[in-house]
Amino acid sequence: MTRGASTCVVDLNFQQGACAEYLDLEPRFDITEIENQPERLDRQLLDVMLSKHASGLCVLAAPAHPAEMRSFKTDVVVRMLDLVSAYFDNVVIDMPRTWFPWTETVLLGSNKLYIVAEMTVPCLRHTQRLIQAVYETAGKEVKPNVIVNRFEQKMFDNGIKQADVQEILGEHFVGGIANNYRLVREAVDRGVPLHEIDPNANVVNDLKKIILPEEAVPTRAKSRSLFGMGRGLLKRKAG
């Protein structure tokens, strides 16, 4: 990745997505415009449907419809992601919890896969099942990496400890994010990235240790994609 690389976040949770809300942006992607004619989506239409943050980050997100459960053809999702990856250096994809017909294609076309879990027994068990589902669906070509959110290294009580997390998740556990609820809540409420509030915050440094280990001790805040996905994201389709 290079300094000043362009980045787009794609929210594939068409029913209950919140990526645009976190950045105080209006979601502008209307998938019904291309639902029956994916080829209609070109650079000009994509630019109209992108939500642009003051930081330079772009977000492709649809207005949430919690009561409307719809599934879209794989060709539509592939066309959208292929076009986005052709015009942005880095693409971050936020996946829905529900498994759709196009989920396998997105997994196979991604350079990195991160599952965000929490430090509870039910969530870690569910994460184990999700890892198994990824392997059963997409095969060993895709390796799920697990990030544990609100991570606390408990030493003197009966709660889950880091050793427990490592034992449950094994090689899939790549790191934890500190429990800094106050900072994260402020960033979400203001619609700004975490580093704009405190570039040296523990949550920022924890993320960099996992995603950008070479920049784990930064001299100043830098804008980067979380997943580092490059051009041609979905050139390879699932068989």
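Colleague: In strand 6, which residue is the bridge partner of V116?

Modeller: I147 is the partner of V116 there. Strand 5 and strand 6 (residues 144-151) run parallel and are joined by 6 bridges. Strands count as paired if DSSP finds at least two bridges between them, and strands are DSSP runs of E, at least two residues, while helices are runs of H or I, at least four, all numbered from the N terminus. Before we go on: this is a predicted model, where local features need pLDDT of at least 70, side-chain atom pairs count only at pLDDT 80 or more, and totals for chains, interfaces and linings use all residues. Residues are numbered from 1 along each chain as its sequence is written, and side-chain values use heavy atoms, with hydrogens and water left out.

Colleague: What's the strand order in that open sheet?

Modeller: The order is 5-6-7, with parallel pairing. Strand 5 (113-118) and strand 7 (173-178) are at the edges with a single partner strand each, so one side of each has no neighbour in the sheet.

Colleague: Switching to strand 1, how many of its residues are buried?

Modeller: 5 of the 5, so strand 1 is largely enclosed by the rest of the structure. Buried means under 20% relative accessible area, with exposed over 50% and partly exposed in between (1.4 Å probe, protein chains only). T7, V9 and D11 are on one side, C8 and V10 on the other.

Colleague: And which residue does D11 stand opposite?

Modeller: D94, in strand 4. Strand 1 and strand 4 pair in the parallel sense over 5 bridges. Strand 1 also pairs with strand 3 (residues 58-60), again parallel, over 3 bridges, and V9 stands opposite V59 there.

Colleague: Now the aromatics. How many pairs turn up in the whole structure?

Modeller: The search finds 4. One of them is F14 with W102, edge-to-face at 6.3 Å centre to centre and 70 degrees between the planes. For the cut-offs, rings of Phe, Tyr and Trp (its six-membered ring) pair if their centres lie within 6.5 Å; planes under 30 degrees apart are stacked, over 60 edge-to-face, and the rest tilted.

Colleague: Where do F14 and W102 lie?

Modeller: F14 is in the loop between strand 1 (7-11) and helix 1 (19-22), and W102 in the loop between strand 4 (90-94) and helix 4 (103-109), so the pair ties together parts 88 residues apart in sequence. F100 and W102 are stacked, with 5.1 Å between centres and 5 degrees between planes. F14, F72, F100 and W102 form one aromatic cluster.
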